[in-house]
Structure formats: structure tokens, C-alpha cells
There are 6 protein chains.
Amino acid sequence: MRPSGRTASQIRPVTLTRQYTCHAEGSVLVEFGNTKVLCNATVEEGVPRFMKGQGKGWVTAEYSMLPRATHTRSQREAARGKQGGRTLEIQRLIARSLRAAVDLKLLGENTITIDCDVIQADGGTRTASITGACVALVDALTYMRSKGLIKANPLKHMVAALSVGIVAGEAVADLEYIEDSQAETDMNVVMTEAGSLIEVQGTAEGEPFTFDEMQEMLELAKHGLRELFDIQKTALN
Amino acid sequence: MRPSGRTASQIRPVTLTRQYTCHAEGSVLVEFGNTKVLCNATVEEGVPRFMKGQGKGWVTAEYSMLPRATHTRSQREAARGKQGGRTLEIQRLIARSLRAAVDLKLLGENTITIDCDVIQADGGTRTASITGACVALVDALTYMRSKGLIKANPLKHMVAALSVGIVAGEAVADLEYIEDSQAETDMNVVMTEAGSLIEVQGTAEGEPFTFDEMQEMLELAKHGLRELFDIQKTALN
Amino acid sequence: MRPSGRTASQIRPVTLTRQYTCHAEGSVLVEFGNTKVLCNATVEEGVPRFMKGQGKGWVTAEYSMLPRATHTRSQREAARGKQGGRTLEIQRLIARSLRAAVDLKLLGENTITIDCDVIQADGGTRTASITGACVALVDALTYMRSKGLIKANPLKHMVAALSVGIVAGEAVADLEYIEDSQAETDMNVVMTEAGSLIEVQGTAEGEPFTFDEMQEMLELAKHGLRELFDIQKTALN
Amino acid sequence: MRPSGRTASQIRPVTLTRQYTCHAEGSVLVEFGNTKVLCNATVEEGVPRFMKGQGKGWVTAEYSMLPRATHTRSQREAARGKQGGRTLEIQRLIARSLRAAVDLKLLGENTITIDCDVIQADGGTRTASITGACVALVDALTYMRSKGLIKANPLKHMVAALSVGIVAGEAVADLEYIEDSQAETDMNVVMTEAGSLIEVQGTAEGEPFTFDEMQEMLELAKHGLRELFDIQKTALN
Amino acid sequence: MRPSGRTASQIRPVTLTRQYTCHAEGSVLVEFGNTKVLCNATVEEGVPRFMKGQGKGWVTAEYSMLPRATHTRSQREAARGKQGGRTLEIQRLIARSLRAAVDLKLLGENTITIDCDVIQADGGTRTASITGACVALVDALTYMRSKGLIKANPLKHMVAALSVGIVAGEAVADLEYIEDSQAETDMNVVMTEAGSLIEVQGTAEGEPFTFDEMQEMLELAKHGLRELFDIQKTALN
Amino acid sequence: MRPSGRTASQIRPVTLTRQYTCHAEGSVLVEFGNTKVLCNATVEEGVPRFMKGQGKGWVTAEYSMLPRATHTRSQREAARGKQGGRTLEIQRLIARSLRAAVDLKLLGENTITIDCDVIQADGGTRTASITGACVALVDALTYMRSKGLIKANPLKHMVAALSVGIVAGEAVADLEYIEDSQAETDMNVVMTEAGSLIEVQGTAEGEPFTFDEMQEMLELAKHGLRELFDIQKTALN
């Protein structure tokens, strides 16, 4: 029995609130149960130096937790003077996942930056970020077309992400914090709406996991991600 | 005529939403019109090193703007590797203002940290932060009493803050961004509910201001702050 | 009775020594009693990136205390790897105050940087810095005219600054360190020679202050600043 | 046909040179073809602060590339003033993988740090690092037993790692740089000698990958990792 | 003919002004012609961590140039966020030189820090710093004895330093900036009053120098340093 | 008797292995006994900003010790976030020494960077670095000529470096770590093959040294350096 009473494959209630703030070209508050992340997409002309002159655009991401998004306060990274390894790892994952959704050539020499700021954390903040950020990205692309910044739609396919894991010997989907902290294995799966994989990151936190357990987790992810794509679609209509 | 149609002394609609997030001991979303700041109060045992052994507590604050709280994206301070001068100046102001509300001896050797994170900015973020943070502080103190961490109530008086200024030659209260960016003078006033001053910071952005204009601004501030104290009181009941 | 035997409105002996060092375009040692600050003005062609192409100049300032300017040694900021919040706050104040003295259009695309380095501290270092820096600024402008870098004189009016405060319940002018450390309220006032205000920063260090006390402090400041403008004028002749 | 003439499942010649340097408690030069990483294990008494008082040890890792380990010189991270996201991500992976090999309780309150410095890079530096570091770890544990620092052997099982990927539509094992730079998918697999998984990190660099391709890559990894465990075993005898 | 009209062996007028500032336990303004350095010695109880428990004291130094000590303004190191290589090299030299003057055992577990801040630079700032710092050190030791912090005098011998060099093919002593910038070789010599060497640092800036030229420079240094020891002695009486 | 059984003037076995790694334009592993340093020379078009437009090239160097190059592990500078004073001092010395070997005009607007990474340390790492780096530099120049990047050979003369010192009252050459840690004086000498001096840095670690001892050390250095030039020559043929 899971702490929330959910079945092994059941994901938490997910909501996607668009236009959550008023300045960003795309602004989505994504909620997976008590996990709440604000995903703001910013459109800027030009690309970073290493991309210049290739006629292609760039999509990048930054991730941060508010200091008191968690049970105890964590030190503010701006005050510490650097972003931690976990933060860098997560924002690199978000950025790679979103770039996989976009045809950079159709984007022209423009940059889209997605800021994912965790307002409240209860497990799965990186996968919630990707799921919400993709919707904010779509809104930013719509904005760009309406302003004539791009002609064709650079979106190749929606992407979404889900965490799965092995808790107390059983594969479960969409772990909340209390499960995550006791999980033997934690796996994040990023998928396209067409059912192909963009990222799979499985980590044994306690005992190593078998190839069979890996299969079970992948199945749960595939199933839960279908739901997420429906929720994204509904939010965008 | 002000852009919002307000009179010179009229403040924007102000709301204070308590328990906005679930982990912090005090969590208040404060809104002054389109300016939205999340104020989370954290209670921790112990005090910073320079306060140790004095039998007194400490109240401090940190301030940050989400990168896309504003019209254009500003660089994330954690990524730049340091907090800017404006950020440090504001969080020092917030912290001093809140310490003025508390009897540090009655707090015992405990620390309260108030994180003020600007979700959306439209002028007056530092004064909104102080006004909201004081309510979060009260909730944190209530939490401490309920847990037996303190015996007496360390709150000396509520504090609130308001921005006033000279725009197009006229003194006005609670400037929104478009007014702020054209103001000749900008003044932030922090007051106690008893009507005494904690901080007055007036700055000529364009032309210097006269002693008479200073008086006018102070009067507007006094008047608007009375309203803010009522709104705080209502929120706390 | 004040520790120095001064009356409430009496400021300390103030001296302004021009051409204190030989390389800077303006170099003034300002002394307010035992407080000694070296203000060096540097003229450089060009402006910071955010000012480029506007046909206007820029005036900025940096502030630092020598590690042993004070009773006990404070850590060197260069060794710590960053400037503290107090330093940034002060140098922002100095820079804003000096910019208020200058017509940036008449300055052309040139930058004047004023370095205020505190050789010895005994209270009021920021107001002494502004008072001395304005004289160094005038010398730098004279240098620029003599070199043909500017045609008209960009100086709009002299500026000077004075600290006032409430000590033991009484308003006093030009606090020395021992008074400052016991003051209930500390207020810094920056004024033009025409008697208009550029900055007013009042802070309750202990008890909040009343609107009446604020008036008293402003009166003392106005009075003392007249003396400072005379001393500046004498130094420049 | 692969650039090296290898078959799809064929790994490069792998050598493990123990006692490569004279000071470290374990010192292994690992070579996967032209990829050469020096793995030095250091034993120190005590544990980091967050581990204190739990009676358990700690295993951590640091990773770095010499500036000219690659075709073009990359800036030295010490000169830049911070470790990049890629470096932090890799050293976190190495450390997690090695901790999975060790019973931290049997280690007592001691810390083993494994420094993985890439002397020459030709693809697969992180997986080579893990494979070599595990041998250095074993040597460090042997040292600890010989010195009486631990009684029982904390090693639970050997770990090794291999990169696999999809290049030109085909799954291949142990990619060298030229393959890696053109791979559609890159996957790093960390396994125990018992055949369980510690980490799986698959990333679509170009096209997303299918669940079937994922299976193929995992099979190649399992096969190649068996070889690596034999090579480790031989080196340790 | 030297720019100043000095003979090859002639040093500039040197003055040592003690008690230049009022807070430091030793405070000396040292002037070598136009080079002016303020040397403040601070006495603090305790020693750095790596020295603890050895019953010995520590002497260290920090060096900095005011941004406009030179012909053109150099960036403030505190603003850059780090001390440059030249600064670190010089302050390490000053500290080593001063430690060679002191019996650290007789100092007890106390630390003396000498801050050398260059007010105005005209060549030879590091050697002037050492020469002035040694006098500040003596004053600090006198202070310590008067306060009963130490019983015996830890001073082993005075130290002083002089720059010598090869300019236009000729060996000269005490180079001012204009000579220094054209010197083929620049050599700094730190000596004890007994005539033994503490540091010799010779650097070919242009052409390499011969062993004979090295001898000539050492002779000039020995001769000039005798004068400096007399000047120190006079200042201390 | 020296710990290694060497005579006072005898240097350790020195080897220079060229093409030690495959990517750098010059790559030399230099060994002085147990001291092993990898010197990689990188050729890049263009020069640093301060050299632009002068038609001259630039030669620079970076130095680092692997964390476990020494008996105990030292913290990785990239993780600490800055290079230490010792590192900066050494890499400045290496760079100056190499620039003295090259006619920068003949180099054109190209930059050669020599990375000296200490794989294993046993005293004399900076002098070994210079000796090995000069050979790597020659290989890089040969590469440049073969690619047509330069026409004439910019090499003015080979440079090499040796440490000498006073240990137990006797002058000795090429100190290994155990001698270095007990030396009264440590001196590094950088010479050209023509027998002129580029750098002499003598430091009294314990007792000051006499002018006579200085002579003895210089003689030993001159003698040992002749051997090093022969070894360089042999390696390059």
C-alpha cells in the first residue's frame, strides 16, 4: 500500500496552469500532487557564442528550488555563490529534453530559455519541470509565430517525463518524497508523445536493480506518460 | 491621472494569502496589484556565530527575483555566482525592518529566516516583501509558541512598508513599475503600527526633491500604511 | 554632553586636501575629525556597455575600508573574494549622489570613477566620502576641460553629505564612532548646494523614531551641510 | 564498419596498471584504447560533516580532464574558478557507483576519495574512470586492512562501467570519440559483477531511441561488462 | 644619467612615519621617493588552524594597491572577486621576509598581520613594503610586551629590502617606475641587518643577465640596504 | 651523505619522453627521479586582448598538481574555486622563463600555452616543469613551421632550470622532497644554454644565507644545468 493510497501505476493529480505570470512568453505552473514548479519561457533574439553563424536556434533551461520548497531550508545558491552539482545536473537534463522537442533550424538564430523554479517540492521535481516546461515552450513558440519571428512551427513532438522506482521491492510510478527517500531504485524517463525515449536515468539508491525490474519500471513509465501527454494536450486546447 | 486611474493617495488592491506553501513555518503570498512575492519564514535552532552566547535570537532575510519576474529576463544570480548590489541592499533592508518588530531576547537562541522570492514584479517589491514577511513572521512565532520553543510572544509591533514618490511633479503612493521608471523621486517608508518610523529611504532619481515634497511623501506614506496595517490584521484573524 | 564636547549641531573639524596623490585626475583626502578617506577620481574614455551609443557619460564610485581602518581588523574583501553588502550599498549611494551633481550629456561618452578608500574610520565614512568625492570630481572635470575632452562644464551643483542621528534621545549632527554605535537612529542626508535633497536614509538602530525626530534631524543636517558647502568652496579656491 | 574495424560488440583493448604513482593508497592507470585515466585512491580518517556520528564511512570521487587531454585545449577549471556541469555530473556518477560497491558500515568513520584525472581522452572517460577506480578502491581497502584501519572487507562486489550507443542506426559497444560525436544515442551502464544494475543513463543526442534499441544496447553492455570484470580480476591477481 | 639625476648606487629619499593611523598596533607610512605604502600591523590572539597546538605564533601579510595608485586605474581586486597572481606573489614574499625576522616560539600563539596598502606607486612597492612593515612589526611587538602578551622580545634582527636592476646596461639601485619599465633585469633583495640574505629574486625582463651582472647588483643592494637599516634605526629612536 | 646517496652536485636521473600524449602539439613527460610532470604545449591562433595588434605572439603556462601527487592529498583547486598563491607564483615563473626563450615577433599573432601537470611530486616540480616545457615548446614550434604558421624559428636559445639549496649546512643540487623539507635555503635557477641567467629565486626557509653560500649554490646550478642542456639536446635528436 502506497502512502497516498495510490496503486502502483497511478500517478498523482496533475495540473498545468498556463499564463501563470504575466511577463514571460510562456508561463506554466505545473503541479504533480504537492510538487509545484513554475516554468517560465523567455524568447530572446540571438544565440550563445558557440552557436553563432550556424543559422540555428538554441533552447536552454535553468532550475532552482526556492530555499524553503523543502521540509528543511536549504541554502540559497545565489548566496553560496555557486549552483550545486544536483542543480546543474537537473538543468542540463531539462535542457537536453526540450531541445529534443524542437527543430533548431526552424527556430532561426533565437534562444528560448526555460526557467524552472520549484515553489514546493514533494518528489519528482525534475520530471514535473520537463512536463510543464514543454507546455511553456509551446506557448513561447506560438508567441514567436504571432510576432513573425519564425515562419514554420519548430515543434517536432511534445515531450514529458515521469519518475518511476522500486519501493519496498515493488515498481511504482510517480514517487512522492516519502517514497523517493526510501526507494531502492529511482528512474527518470523522458519520452516523446510518439513513444520514443529521450532520456532514461536509473540509479540504484540502495540495492542494485535487475534487468527485469528495469523492464517493469519502463512499462510503468510508458503507461503514465501516456496520461501526461493527454493532460498536456487538454491544457493546450 | 495615474496609469491605473488611481488617486494620488490610493494604494493598489493588496492581498495576503497565508499558508501558501506547506513546509515553511510561515508562508505568505503578498500581492500589491501585479506585484507578487512569496514570503517563507523558517525557524531554526541556534544563531549565527557572531550572536552566540548572548541568549538572544536572530531574524534575517533573503530576497531574490525569479529571472522572469520582470519584463525582460534578468540573469539568475546563482548562475552569475553572486548576489548583486541591489539584492543585498534590499535584503538588508527587509532584515533590519523585521528585527525592529521583534524582541530578540524573548526569541531565545533561535533564528528566523524570511525568504522573499518575487514571483512577479510590478514596482514596490521591497515594500511588499516587508509587509508580507511580517505576517509570515507572526505565523512563525505562533508556531514556535505552539511547539514550546518560546514562552512569551517576542512581537513588539507589526511593521509594514510602502513606496511613495514624486511622479510628474506630484506626490503619489504605491508606485507601479511604469510610474517608478519615470519617477523623479522614489521613497520607501517602513513604519510600526504605532506610527513610528523604522526606515525612510528617499532617492532623487531625476531632479532633487525639496523638504516640502519630502513632507508630502511622508504624509502619503503614513496614510497608506494605516490601510496596510488593517489588511495585515484582517489576514491574521 | 557629547564625548567630544561638541554641541548637538556642531560638526567636527573638516579638511579637504587636494592633489593628495599624484596620478589621479582628481585626488582629495577628506577628514572629518579622525575619519580620513582618500577620494581619487579617474577619467577614462568610453562608457560601460549598458550606456553605449546614447551620447552620454557615466559617473560611478567604489568604496573600501583598509582592513585596519577600524578598531579591530576586518577581513580584506579581495581576499574573501567578494565585496560585502555594506560596501556595495555604500558605493551605490556615493555613485548615485555624484551622478546627481553632473549633467551626463555634457560629459560626452566618458566615464569618471571615484575610488573612496577609507584610511581611518571614526564614523560617517560614507558621508565624508561623498563630500570629498565631489571636490575630486570637480578637479577631474577641470582636467577634462583643460585637455579638451569636454567643452561645457557638466557640473550642475555641488553635493555634500552629513550624518545625523538620535543619541541618548537627542538629535545630533556628524556622529563619531562612539556615538554611532550607541545611536537609536542614524540618518544620512545628501543635499545640493541649492538646498534640495538627493538622498535621505534614516534607519532606526534601536527604537523607532517619530516624525518629529525626523524633522529635527533634517534641520540639523541642513544646517551642517551649509558649513560643508563653504568648506568645499574654500578648498576649491 | 566501425572506424577501428571492431565488431559492434567488441570493446577496445583495456589495460589496468596498478601502483602507477607511488603516494596514493591505490593508484591505477586505466586505458580503454587511447582513453587514459589515472585513478588515485586516498584514505583519510574521519568523514564529512553530514556523515558524522553515524559510525559509517564515506566514498567520494573527483573527476577532471587535463586541459589538453582532448583535440583542442579546454580551459582549466581551476583557472575558470569553478567546475563545469559536465564535470560535476560525472564525478557524482563515479562516486555513486563506487559507494554501491562498498558496505559503508564496515568502512568505519573513514573516507576514501578517488581522483580520476583524464590524461588523454578518446571517448568513454567516465566509464573507464569507474572501471579503473574500482580497482584502485580495492587496493585502498587492502591497504586499510593491512594497517588495521578496518577489520572486515567492506567490498560487496566489483563494479565496472561501459558506454554503448546507437551509431548510424546500429547498436555498438565502447564508443571511441569519433563514434561518440556522431552517435544518435549514448548510454552508460554501471553494473555489478553479479549482473545487477547500478546506473543506466541513456541519452538521445540526435533521434529518440526505441524501447527495442534500449534492449539491444543493454545486451551489448552486459556482454562487454563481463569482459571488463575478467580484466579487473586478472589485474588484481 | 638616471631620470632623477641620481648616481647608480644612490637610493631615493626614504621616510618612515610611525603612528600614521590611530587604530593599528603598528602603523607606518613608508616613502621611497614617490612610492608611498601604508603598513599596518594588527595583533590578534590565536593562530591559523594549521599552526594550532604548536605553541608558536604566526606572522603574515597582505598587500594591495589602491586602484589609482598607478598612472592608469587598475581594477579593484575586491570587485574582480579575486586577488591577482602578482598580489599573491608579493604578499607571500613580504610575509616570508617578516617571519624571518621573528622567533615564532617567543611570539606565543599570537598572530601578527601586516597590511601593506600602496597609496601611491612609483616602483619598488614590494621592497618599500618590507622595509616599512618591519618597523610596524617592531611597534606591534613593543605593544605586545607593554600589554604582557609576550615576555621576551621575539625580534631576531631587522630586515629591509631594496630593488636593484640593470637599466641601459648599467646596474642601478632603487629603480623608480620609469626605470623599472625599461629595465633589462629587475632584482629584489631582502637582507638582515647582520648582512645575511633572506630572499633574492632576480628576473630578466628583457635580455638574460650574466653572473657578473648578478654580482654587481648584489653589491649595490648590500650597500643601499645598509642605508635603509640606518633609516629604520633612526625612525625607531 | 644525501638520502639518495648522491654527491652534493649530482642531479637525479632525468628523462624526457616526447609525444607522451597524442593530441598536444608538443607533449613531454619529464622525470627528475620520482618527480614526474606532463608538459603539454598547445598552439592557438590569436593572442590575448592586451597583446592584440602588436604583430607579436604570446607564450604562457599553467601549472597544477594532481591532488594525490603528494604524500597526503591536497584539495583540488577547481573544487576550491581558485588557484592558490603557490600555483600562480609557479606558473608565472614558468611562463616568464619560456617567453625568455622565444622571439615573440617571429611567433606572429599566435599563442602557445604550456600546461604543466604534476603527476607525481618529489621536490623540484617547478624546475622540472621548465626543463620539460622547453622541449614541448620546441616540438610545438616545429609543428608550427611544418604547418606554415611561422616562417623563421622563434627559438632564441634553450632554457632549463634546476633547484639548489643549503641542506644541513652544505650546498647541494636538485633537492628531492625530503631534502627540500629540511633545507635552510632553497634556490631555483633558470638559465639559457649560453650560460646567462633568466631567473634566480633564493629563499631562506630557516636561517638566512650568506653571500658566499649564494655563490656556491650558483656554481652548483651552473654545473647541473649544463647536464640538463645535454639531456634536452639528446631528447630532441
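Modeller: Strand β9 (residues 197-204) of chain B and strand β9 (residues 197-204) of chain C run antiparallel and are joined by five bridges. Strands (E, at least two residues) and helices (H or I, at least four) are DSSP runs, numbered from the N terminus. Within this pairing, V200(B) has G202(C) as its bridge partner in β9(C). The model is a predicted one, in which local features need pLDDT of at least 70, side-chain atom pairs count only at pLDDT 80 or more, and totals for chains, interfaces and linings use all residues. Residues are numbered from 1 along each chain as its sequence is written, chains are lettered from A and ligands numbered from 1 in the order in which they are written, and side-chain values use heavy atoms, with hydrogens and water left out.

The two β9 strands belong to an open sheet of eight strands, whose order is β7(B)-β6(B)-β8(B)-β9(B)-β9(C)-β8(C)-β6(C)-β7(C) and whose pairing is antiparallel; two strands pair if DSSP finds at least two bridges between them. At the edges stand β7 (170-173) of chain B and β7 (170-173) of chain C, each with a single partner strand, so one side of each has no neighbour in the sheet. From one strand to the next, the twist averages 15°; axes here are lines fitted to C-alpha atoms, for helices over the stretch in contact, and angles run from 0 to 180 degrees between N-to-C directions.

Contact means heavy atoms within 4.5 Å.

α5(C) also lies across β1 and β2 of chain C, running at about 30° to β1(C). In chain C, five strands form an open sheet in the order β1-β2-β3-β5-β4, with mixed pairing. Its edge strands, β1 (14-18) and β4 (58-65) of chain C, each pair on one side only. Direction ignored, neighbouring strands of this sheet are turned by 20° against each other on average. β1(C) and strand β2 (residues 26-32) of chain C run antiparallel, joined by five bridges, and T17(C) stands opposite L29(C) in β2(C). Helix α3 (residues 125-146) of chain C packs on this sheet, touching β1, β2, β3 (35-45), β4 and β5 (110-120) of chain C, at about 35° to the direction of β3(C).

The axes of helix α5 (residues 211-236) of chain A and helix α5 (residues 211-236) of chain D come within 13 Å and cross at roughly 160°. That makes α5(A) roughly antiparallel to α5(D), a term for angles over 145 degrees, whereas those under 35 count as roughly parallel, 65 to 115 as roughly perpendicular and the rest as oblique. F211(A), M214(A), Q215(A), L218(A) and K222(A) of α5(A) make the contact with F211(D), M214(D), Q215(D), L218(D) and K222(D) of α5(D). By class, six of these residues are nonpolar, two polar and two charged (Ala, Val, Leu, Ile, Met, Phe, Trp, Tyr, Cys and Pro count as nonpolar, Asp, Glu, Lys and Arg as charged, and the others, Gly among them, as polar).

In chains E and F, helix α2 (residues 85-99) of chain E and helix α2 (residues 85-99) of chain F have axes that come within 9 Å and cross at roughly 110°. α2(E) is therefore roughly perpendicular to α2(F).

Finally, the copies are related by rotation. Chain D is superposed on chain F by a rotation of 180° with 0.0 Å of shift along its axis (RMSD 0.0 Å), by least squares on the C-alpha atoms of residues with pLDDT of at least 70 in both. That is the relation of a two-fold axis. The C-alpha of A78(D) is the one in chain D nearest the axis, 1.9 Å from it. Chain A is likewise superposed on chain B by a rotation of 180° with 0.0 Å of shift (RMSD 0.0 Å). By contrast, no contact joins chain B and chain F, whose closest C-alpha atoms lie 11 Å apart.
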